[in-house]
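Here is a short briefing to read alongside the coordinates.

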Amino acid sequence: MNELLVEIIFICFNRKDEVLYNIFKMGEYKLINKVICVDNHSSDGTDEIFKSLNNKNIKYIKLGKNVGIQAYNIAASNSNADILIILDDDSHIDEDAIPKVLNKFNNDSRLGILAFCVKLSKTGENITKDWKDGAATSFWGCGAAVRREIWNRLGGYNKDLFLYTNEYELSIRCWNIGYKVIYDSSIIAYHRVSNMNRTTKRLIIYSIRNNTYFIKTYFDKKYHIKLLLIDRINWFIRSIMCNSVKSFLYGLVEARRFTNCIINNPVDHDIQKFYLYNSRLFELPLKKLKRKIKDGTIFNKQNLI
């Protein structure tokens with residue numbers, strides 16, 4: 001069996017110290033062909049880090065503006081690897097994760113996306129602790145791997161989303177072309193959760209807007225009212241808890257504008273049913289509230305799904 005070529009891609013924006021930590025960690029990885037970092041036009045001197053490096057296995061691309069998640073597509077287009085490990089600028093993996101990733105993809109030709117277990121590096125809290133190994137509706141963008149052939153076939157992340165919901169959106173398209181999204185609790189990514197460039201306002205607005213796109217695009221119209229209502233109630237509760245009701249209202253306006261000319265293109269009905277019964281996006285508000293209270297994560301922005 002030919003060994004698959006693995007490369008790491010991540011994007012950054014004004015988190016110089018986090019990028020420096022990533023580069024330090026990735027220097028320990030012996031099974032990685034290349035690390036590709038795309039900079040969403042940082043102004044904090046991140047580029048100076050890469051200017052000081054003399055490592056042909058690290059590729060740095062600085063963009064002229066912040067394009068959001070589209071930067072991952074640019075990183076992938078600069079890769080020749082078979083498998084892409086996707087990280088954030090504030091997340092990392094241990095080296096033993098890499099052979100596990102290789103093993104999973106080598107042994108399953110229908111595996112498209114591999115979701116990692118995600119732990120908070122400061123506390124050790126497992127924020128995917130109640131995920132089940134096997135078929136998954138999504139993954140955390142701070143720790144996953146994707147078959148590059150599938151990434152290319154899907155066109156990567158939907159650039160119009162800019163931020164949030166992109167993992168769900170890519171995953172449902174992956175399932176729809178006959179490839180699997182699998183969660184593996186033995187492969188761990190550590191999320192350091194930088195407070196830089198992380199706001200509740202932006203989270204609420206983009207999530208409401210992009211979730212509306214997700215629902216109206218990939219699900220039969222008969223489900224729209226119910227799913228949109230569940231999503232609205234969940235985010236309204238969330239906005240009250242975070243004292244950000246104005247962001248909720250603005251998110252509704254943005255959702256209407258963003259999806260005004262949406263084309264309904266539902267995925268296969270069995271895939272819709274899989275998402276309806278398993279996706280955290282469609283968890284009933286009371287059930288979600290009880291779960292978050294039980295887990296003690298109701299005010300934690302990192303435990304959204």
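Asp-130 and Arg-280 join their side chains in a salt bridge, at 2.8 Å from N to O; a salt bridge here is a side-chain nitrogen of Lys or Arg within 4 Å of a carboxyl oxygen of Asp or Glu. This pair links distant parts of the chain, 150 residues apart: Asp-130 sits in the loop between β6 (111-120) and β7 (134-135), and Arg-280 in the loop between α10 (269-278) and α11 (285-295).

Before going further, please note that this is a predicted model, in which local features need pLDDT of at least 70 and side-chain atom pairs count only at pLDDT 80 or more, while totals for chains, interfaces and linings use all residues. Residues are numbered from 1 along each chain as its sequence is written, and side-chain values use heavy atoms, with hydrogens and water left out.

**Salt bridges**

- Arg-280 is buried, with a relative accessible area of 17%, whereas Asp-130 is partly exposed at 34%; buried means under 20% relative accessible area, exposed over 50%, and partly exposed in between (1.4 Å probe, protein chains only).
- The count of salt bridges comes to twelve.
- Another of these pairs is Asp-89 with Arg-15, also at 2.8 Å from N to O.
- Asp-89 lies in the loop between β4 (83-87) and β5 (91-93) and Arg-15 in the loop between β1 (6-12) and α1 (16-26), so this bridge ties together parts that are 74 residues apart in sequence.
- Asp-89 is buried at 5% relative accessible area, and Arg-15 is buried at 11%.
- A network of salt bridges links Arg-15, Asp-89 and Asp-90.
- Asp-231 forms a salt bridge with Arg-232, with 3.6 Å between the closest N and O atoms, and Asp-231 is buried at 3% relative accessible area.

**Overall fold**

- The protein contains eleven helices and nine strands, taken as DSSP runs numbered from the N terminus (helices: H or I, at least four residues; strands: E, at least two).
- For 305 residues, a compact globule would have a radius of gyration near 19 Å, and the protein agrees with its 19 Å; the radius is taken over C-alpha atoms, and the globule rule is 2.2 Å times the number of residues to the power 0.38.
- The C-alpha trace spans about 55 × 45 × 40 Å along its principal axes.
- Of the contacts with a separation of 6 or more, 80% are between residues 24 or more positions apart, where contact means heavy atoms within 4.5 Å.

**Nonpolar cores**

- Buried residues make up 53% of the 305 residues.
- The largest nonpolar core has 56 residues, and Trp-151, Phe-214 and Tyr-275 have the most contacts inside it; such a core is a set of buried Ala, Val, Leu, Ile, Met, Phe, Trp, Tyr and Cys residues joined through side-chain atoms within 4.5 Å.
- Apart from that core lies another, of 30 residues, including Phe-50, Leu-87, Ile-93 and Ala-189.
- Beyond its neighbours within four places in sequence, Trp-151 is in contact with residues including Tyr-72, Leu-84, Ile-86, Tyr-157 and Leu-170.

**Surface**

- Phe-236, Ile-240, Val-245 and Leu-249 form a nonpolar patch on the surface, with about 340 Å² of accessible area together.
- α8 (221-241) and α9 (245-258) are the elements that give two or more residues to the nonpolar patch.
- Patches are made of residues with over 30% relative accessible area and no salt bridge, like charges being joined within 9 Å and nonpolar side chains (Val, Leu, Ile, Met, Phe, Trp, Tyr) within 5 Å.
- Ile-240 belongs to helix α8 and is partly exposed, at 48% relative accessibility.

Technical notes
Accessible areas come from the Shrake-Rupley method with a 1.4 Å probe; for residues, only the protein chains shown count as cover.
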